[in-house]
Amino acid sequence: MQEFPSLSIVIPSWNQGRFIERTLLSILRQDYPGTVQVIVSDGGSNDETVDVLKKYDEQIEWWSARDKGFVDAVTKGLARVTGEVVAIQSSDDYYLPGAFRRMAEAFQQYPEASFVSGGEYGIDLHDNIEYANSFTGPITPRSILFEFVPAQHATFVRREALEKTGGMRVEVDMCADIDLWYRVAHFAPGRAIPDMLAAYQLHPDQRTATSPKWYPNLVKMVESCEQNPTYGSHFKLTDEERRNLYTYWEINWTAKRDAAAAKPIAWAKLPGLLSYSSRTRRMILGSTVNPLVKQLLPTSLVQSLRPQVTAPATSTPASVDLNWWKN
């Protein structure tokens, strides 16, 4: 790969007109010597999106026509990419300054990496930083399932690696981006770098984290890959790993939708608590042990049942220029 690889960015879009110009400017105003192709696949927005896109006619490729949703929009965009590296950026999220240069440096530093994923700031509608996440190290199928998920808006993948997967899959549409990185990582590990590359916009209109489709889609992601000879020959869970992972997911994603509905699931697992991994134990206890019971139990017992795990690197710097794209 050349020092500054050509980059194609696909932006699936639907009624995010109040944000999409920021997304575009965070791309167009990057200090990057390589070629950058910008493709906006809009699903027929009826807000101000099309007016914004018309402003950048000479700098981007775009269309606005009804589609079948997120995966369909991305797939149509991916069909037109020409760059050595591909990114999928949401129309309400955006890149931080220097993101593309750092991406290129990372691919030079880790030439074996199939994709590179950086850190993210989660921001509210007033540009306040709600959280900051970054990770460092190889990204494998196992790390995606048990440690951390690469942030779509801060990830860059080699086109040749992406093409091996056939792109996103509609049958796991709720977690289609996770599924994409998961399958790419079967062929060659990705690389997480600590640099902050993007901002993730938190707002009420984004694809909901409370959908009942999350748990079954994640399970389908794993099971379908293991049943596929191409992926199954590279990675499979043990029975114990599967038991822990699916229990964790079921309680976690049910609780996001309805905390009360998660309680009976967690209570059913409580008799076998000590047979689970520390991460799954913490999830079970979090849905069953109320604050009063926690106060009654000896601290040493609670700590033994809920051992600490390594947390992602988080920080909120004193000053971050989130509005750099305006300059």
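Me: Which strand is Arg 191 found in?
Reply: This is a predicted model, and in it Arg 191 belongs to strand S10.

Me: Is Arg 191 buried or exposed?
Reply: Arg 191 is buried and has no salt bridge. Glu 112 is the nearest side chain of opposite charge, at 5.1 Å.

Me: What does Arg 191 touch, leaving out residues up to four places away in sequence?
Reply: With those set aside, Arg 191 touches Tyr 110, Ala 113, Phe 115, Val 116, Ser 117, Gly 137, Pro 138 and Ile 139. Among these, Pro 138 is also the bridge partner of Arg 191.

Me: Which strand pairs with S10 over three bridges?
Reply: That is strand S8, residues 137-139, in the antiparallel sense.

Me: And how many bridges link S6 and S10?
Reply: Seven bridges, with strand S6 (residues 115-123) and S10 pairing in the parallel sense. Ile 123 stands opposite Gln 201 of S10.

Me: What about S5?
Reply: Strand S5 (residues 94-95) runs antiparallel to S10 and is joined to S10 by two bridges. Tyr 94 has Ala 199 as its bridge partner in S10.

Me: Changing topic: how many residues has helix H8?
Reply: Helix H8 has 14 residues, 214-227, and reaches 20 Å from its first C-alpha to its last, close to the 20 Å expected.

Me: Which residues of H8 are buried?
Reply: Trp 214, Asn 217, Leu 218, Val 219, Met 221, Val 222, Cys 225 and Glu 226 are buried.

Me: Which helices do they pack against?
Reply: The buried residues of H8 pack against helices H5 (141-146), H7 (176-187), H9 (229-232) and H10 (239-257).

How values were computed
Residues numbered from 1 in each chain as written. Predicted model: local features only at pLDDT ≥ 70, side-chain atom pairs only at ≥ 80, totals over all residues. Heavy atoms only, no water. Helix = DSSP H or I, 4+ residues; strand = E, 2+ residues; numbered from the N terminus. Expected span 1.5 Å × (residues − 1). Buried < 20%, exposed > 50% of the residue type's maximum accessible area, 1.4 Å probe, protein only. Contact = heavy atoms within 4.5 Å. Pairing = 2+ DSSP bridges. Lys, Arg positive; Asp, Glu negative; His and termini not counted. Salt bridge = Lys/Arg side-chain N within 4 Å of Asp/Glu carboxyl O.
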